[in-house]
Amino acid sequence: MSRVGKKEISIPEGVQIEVSPRNLVTVKGPKGTLTQQLESDIEIKIEDGTLVCQRPTEQKRHKALHGLTRALINNMVVGVTDGFAKKLEIVGVGFKAACDKNVLELNLGYSHSIFFALPQEVTATAVMEKGKNPIVSIEGTDKQLVGQIVAKIKSLRQVEPYKGKGIREVGQVIRRKAGKTAAKK
C-alpha cells in the first residue's frame, strides 16, 4: 500500500471539492479555484469531511498513480487555503530587483535589464534594503506554477561556485570551490 496514497485529506472549512465522473477535480477556497484532470483509474471518494483515494488493482502503474493523485489533490487544498510562497535571494554587486504590477525587472550584471512577465495567478514582491541582498517573493495558489516560475528566474543567473554570485532560494546552501592557488616559484 502506498504510504502517501492511503492518507486521508481533511477538507478545511470554506473549501469545496467537486469530482466529475472523469476525475476532473475542482477545488474552491478562500484564495481561489484550482482545477486538475487526474487519472480516471484512481477512485476519489468524499466522506465525512475527508477525501480518500483508492486504486483498483496492485499493478505497478496504479501504485504509482495512487500516491501522485493524493499528493496533487492535497497541494490543491493547501493552495486554496494557505497558498504557496518561495523567496529568492539575489547575490552580487550591483544586482537589483524591482516589481511593477506583473512585471519583474532584474538587473543581473548583464548589459541590459531583464523584464520577466508573470502570469495572473502569481504575485511577486521585491524588497531591497541597504546593505542586504535583494529578496524577491513569489506567491500563488498553484504549487507547480510557483515552482516553475522560481526555476525560470533562477536560470537567468545561476549561482557560480567561486564567489557565490547569482540567484538562489533563501536558505539554499551552495558548494563553494577554492580559487586558483599562487603560481609555483
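Analyst: Let's start with His-62, which has its place in helix α1. Helices here are DSSP runs of H or I with at least four residues, strands are runs of E with at least two, and both are numbered from the N terminus. This is a predicted model, in which local features need pLDDT of at least 70, side-chain atom pairs count only at pLDDT 80 or more, and totals for chains, interfaces and linings use all residues. Residues are numbered from 1 along each chain as its sequence is written, and side-chain values use heavy atoms, with hydrogens and water left out.

Is His-62 buried or exposed? With a relative accessible area of 6%, His-62 is buried; that word means under 20%, while exposed means over 50% and partly exposed lies in between, using a 1.4 Å probe and protein chains only. Setting aside residues up to four places away in sequence, His-62 touches Asp-41, Ile-42, Arg-55, Pro-56 and Thr-57, where contact means heavy atoms within 4.5 Å.

Not counting residues up to four places away, Thr-69 touches Leu-38, Ile-42, Ile-44 and Cys-53.

What does the helix itself lie across? Helix α1, residues 60-81, lies across β1, β5 and β6, and runs at about 155° to β6. For such angles, axes are lines fitted to C-alpha atoms, for helices over the stretch in contact, and the values run from 0 to 180 degrees between N-to-C directions.

Those strands belong together. They form an open sheet of three strands in the order β1-β6-β5, and the pairing is antiparallel; two strands pair if DSSP finds at least two bridges between them. Because β1 (9-10) and β5 (43-47) stand at the edges with a single partner strand each, one side of each has no neighbour in the sheet. Between β5 and β6 (residues 50-54) there are five bridges, in the antiparallel sense.

Ile-44 has Cys-53, in β6, as its bridge partner. Cys-53 is buried, at 3% relative accessibility, whereas Cys-99 is partly exposed, at 27%. How many disulfides are there? With a disulfide taken as a pair of cysteine sulfur atoms within 2.5 Å, the count is zero.

The C-alpha atoms of Thr-33 and Gly-79 are separated by 9.1 Å, although the two residues are 46 places apart along the chain. Thr-33 is found in strand β4, residues 32-37, and counts as partly exposed at 49% relative accessibility. Beyond its neighbours within four places in sequence, Thr-33 is in contact with Thr-26, Val-27 and Lys-28.

Now let's set this beside the other sheet. Four strands form an open sheet in the order β11-β12-β7-β13, again with antiparallel pairing. Its edge strands are β11 (122-127) and β13, each pairing on one side only. From one strand to the next the twist averages 25°. Helix α2, residues 143-156, packs on this sheet, touching β7, β11, β12 and β13, and its direction makes about 5° with that of β7.

Strand β7 (residues 84-91) pairs with β12 (residues 135-140) over six antiparallel bridges, and Glu-89 stands opposite Ile-135 there. β7 also pairs with β13 (residues 166-169), over four bridges, with Val-91 partnered by Gly-166.

Most residues other than glycine have a negative phi. Asn-23, in the loop between β2 (16-19) and β3 (24-29), has a positive phi of about 60° and is buried at 6% relative accessibility. Lys-101 has a positive phi near 55°; it lies in the loop between β8 (96-100) and β9 (103-107), and at 74% relative accessibility it counts as exposed.
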